[in-house]
Amino acid sequence: MHVLPGVPKVNSVSTSSVPRPEPAAPSRPAGRFDLPRIVRRQIPEGAVPALALFAGVRLAGILAVILANALRGHPLVRTLAHSWDSRWYLHIAAQGYGHKMWITPQGAVQTDWAFFPLYPALIRALTTVLPLTPGQAALLIAWLAAGVAAYGVYVIGHLLYGRGVATALVGLWAVMPHAVELTIAYTESLFAALAIWALYCVLKGRWLWAGALAAFAGLARPSGFAVAGAVALAAGYEAWRGRGRVSWRLWAGAVLAPLGFLGYVLWVGTQVGDLFGGYFKVQSAWDSRFDFGVGAARFVKALLLHGGGVVYTVALLVVATGVLLFALLCLDRPPLVLAVFSGVLILLVLGGSGSFSSKPRFLLPAFPLLIPMARALARTWRVRPGQAVLVYGALTLVSLFFGAYVTAVAHSPL
C-alpha cells in the first residue's frame with residue numbers, strides 16, 4: 001500500500017460489532033415553522049415528530065381509559081391515579097412510612113416499606129409548592145417522566161441507528177401492550193426516565209452522570225439493581241479495554257450506581273431490626289422474591305392445564321416475546337450496557353415470584369428489546385410504507401384496548 005507523504009498510516013479497524021446507522025432521511029430546507037436554530041442544535045433531527053407520535057398515542061390511551069370508565073359508570077379518571085400500588089404511593093406521600101399495612105387472607109402482613117421512596121417524595125414535594133392534590137401531582141410526575149423517557153429512547157436510537165430507527169423505536173415503545181402504565185400513577189415512567197438517561201450517559205462516557213442517575217433509579221424501584229449492574233459492568237469492561245488507564249470519573253460512577261438501591265434496602269433493614277435481611281422479609285410478605293423461576297413455572301403449568309383470563313394469557317405472551325426479542329437483540333450485538341440492562345430485567349421477570357399479571361410492566365423500561373423490531377419496521381417503511389402503517393395501526397389498537405381493559409375493567413393486579 002502506498003502512503004502519501006505527510007499522511008499518517010492508519011491500521012485497519014474491524015467494525016463488525018459497531019451498529020450501522022440506517023440511511024438518513026434527506027435534509028430539507030429550513031421552513032417558516034422550523035424550530036429556532038439554538039433549539040435545533042440541541043435536539044436530534046426528527047425528535048419532535050417522534051415525541052409528538054408518542055404523546056398522541058399515550059393521550060389516546062388515557063382517553064380510552066376514560067371512555068371505558070364512562071361506559072362502566074365509574075369515575076372517569078380515578079383509576080388513573082388510584083389503582084393498586086398507586087394508593088400505597090399516595091398514602092406514603094401524605095403520611096410517610098410505617099402508617100399503612102394490609103393483612104392478606106393467608107395471614108401475611110404487607111407493609112408500605114416494600115415501596116421505594118423517590119416517587120412519593122416527589123409527589124409530596126410537588127403538592128407542597130403547587131395547589132395540587134396528591135393524585136394530580138402523581139399523574140403530572142408520571143406524564144412528564146414518560147415524555148423525558150421517550151426523548152431518551154429517541155436520543156439513544158438516533159445515536160446508534162439514525163433517525164428512522166429512532167422514530168420507530170419511540171413509536172413501538174408507545175404501543176407496548178402495557179404502555180398504559182407509563183401514564184398512570186405508577187413508578188414505571190419515572191424509573192424508565194432515570195434508567196434510560198443513565199444508559200445514554202454510559203454510551204457517551206459521562207460516568208458521573210450515569211452513576212448518579214442509576215443511584216436515583218435505585219430509589220425509584222427495586223429493579224434499579226438492573227441499572228446499577230449495567231453501569232458497573234460497562235465501567236468494568238471499559239477499564240479492562242483500557243488496561244486500567246481510565247478516568248477517576250468512571251470508577252466514581254461505578255461506585256455511585258448501586259448506592260440508591262443499597263441505601264434503601266439497608267434503611268428498611270434498620271426499621272425491621274434485621275439490617276441485611278429485613279427488606280427481603282418485607283418483600284416476601286408480598287410474595288415477591290427471587291425463586292429462580294419456580295413460581296413462574298407453576299403459573300405457566302396451571303395456565304396451560306386449566307386456562308386463565310385474558311390478562312394472564314397476554315402477560316405470558318408478553319414475557320415470552322420479551323425473551324425472544326432479547327435473543328434477537330443479542331444477535332444484533334448492541335452496546336454492552338443495553339444488553340446487560342435488558343438481560344437483567346428479563347432475568348428478574350423470569351426468576352421472580354409474585355403475580356404474573358404484573359410482570360409485563362417490569363419489562364416496560366427495557367426498550368432495547370424493541371430495537372430488532374424497530375429496525376425491521378424502519379426498513380418496511382422505506383419499501384412498503386402502507387404495510388408499515390397497517391402493522392403499526394394494529395399494534396396501536398391492541399395497546400389502547402388492552403390498556404383500557406387492564407386499567408378500567410379487569411381486577412388483576414397491575
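Predicted model: local features only at pLDDT ≥ 70, side-chain atom pairs only at ≥ 80, totals over all residues.
Helix 10 passes helix 11 in a left-handed crossing. Two packed helices are described by the angle between their axes and the distance between the axes. Helix 10 covers residues 224–241, and helix 11 covers residues 248–256. Their packing angle is about 155 degrees, and their axes are 8 Å apart. Angles over 145 degrees count as roughly antiparallel, and helix 10 and helix 11 are therefore roughly antiparallel to each other. On the helix 10 side, the contact is made by V231, A232, A235, E238 and A239. Their partners in helix 11 are L250, W251, G253 and A254. By class, the residues of this contact divide into seven nonpolar, one polar and one charged.

The loop between helix 10 and helix 11 holds R243. Most residues other than glycine have a negative phi. R243 is not a glycine, yet its phi is positive, at about 55 degrees. R243 has 70% relative accessibility and counts as exposed. A positive phi is also found at R333, again a residue other than glycine, with a value near 50 degrees. R333 sits in the loop between helix 15 (310–331) and helix 16 (336–351). Its relative accessible area is 44%, so R333 is partly exposed.

Helix 19 spans 385–408. The crossing of the two is right-handed. Helix 2 contributes L53, V57, R58, A60, G61, A64, V65, A68 and N69 to the contact. These residues meet Y392, T396, S399, L400, G403, A404, T407 and A408 in helix 19. The contact has ten nonpolar, six polar and one charged residues.

The segment after helix 19 contains S412. Is S412 buried or exposed? With a relative accessible area of 12%, S412 is buried. Residues up to four places away in sequence aside, S412 touches W84, V311, Y312 and S357. Another serine, S358, lies in the loop between helix 16 and helix 17 (359–362). S358 has a relative accessible area of 8% and is buried. Its neighbours within four places in sequence aside, S358 is in contact with P413 and L414.

Helix 13 shows how burial can be arranged around a helix axis. Which residues of helix 13 are buried? Within this helix, residues 278–285, the buried residues are G278, Y279, V282, Q283 and A285. Seen down the axis of helix 13, they fall within an arc of 155 degrees, so they line one face of the helix. An α-helix has 3.6 residues a turn, so residues three or four places apart point the same way. Helix 13 is followed by D287. The phi of D287 is positive, near 55 degrees.

Methods:
Residues numbered from 1 in each chain as written. Heavy atoms only, no water. Buried < 20%, exposed > 50% of the residue type's maximum accessible area, 1.4 Å probe, protein only. Helix = DSSP H or I, 4+ residues; strand = E, 2+ residues; numbered from the N terminus. Arc of directions from axis to C-beta. Contact = heavy atoms within 4.5 Å. Axes fitted to C-alpha atoms, helices over the stretch in contact; angles between N-to-C directions. Parallel < 35°, antiparallel > 145°, perpendicular 65-115°, else oblique. Left-handed = near helix turned anticlockwise from the far one by under 90°. Nonpolar A, V, L, I, M, F, W, Y, C, P; charged D, E, K, R; others polar.
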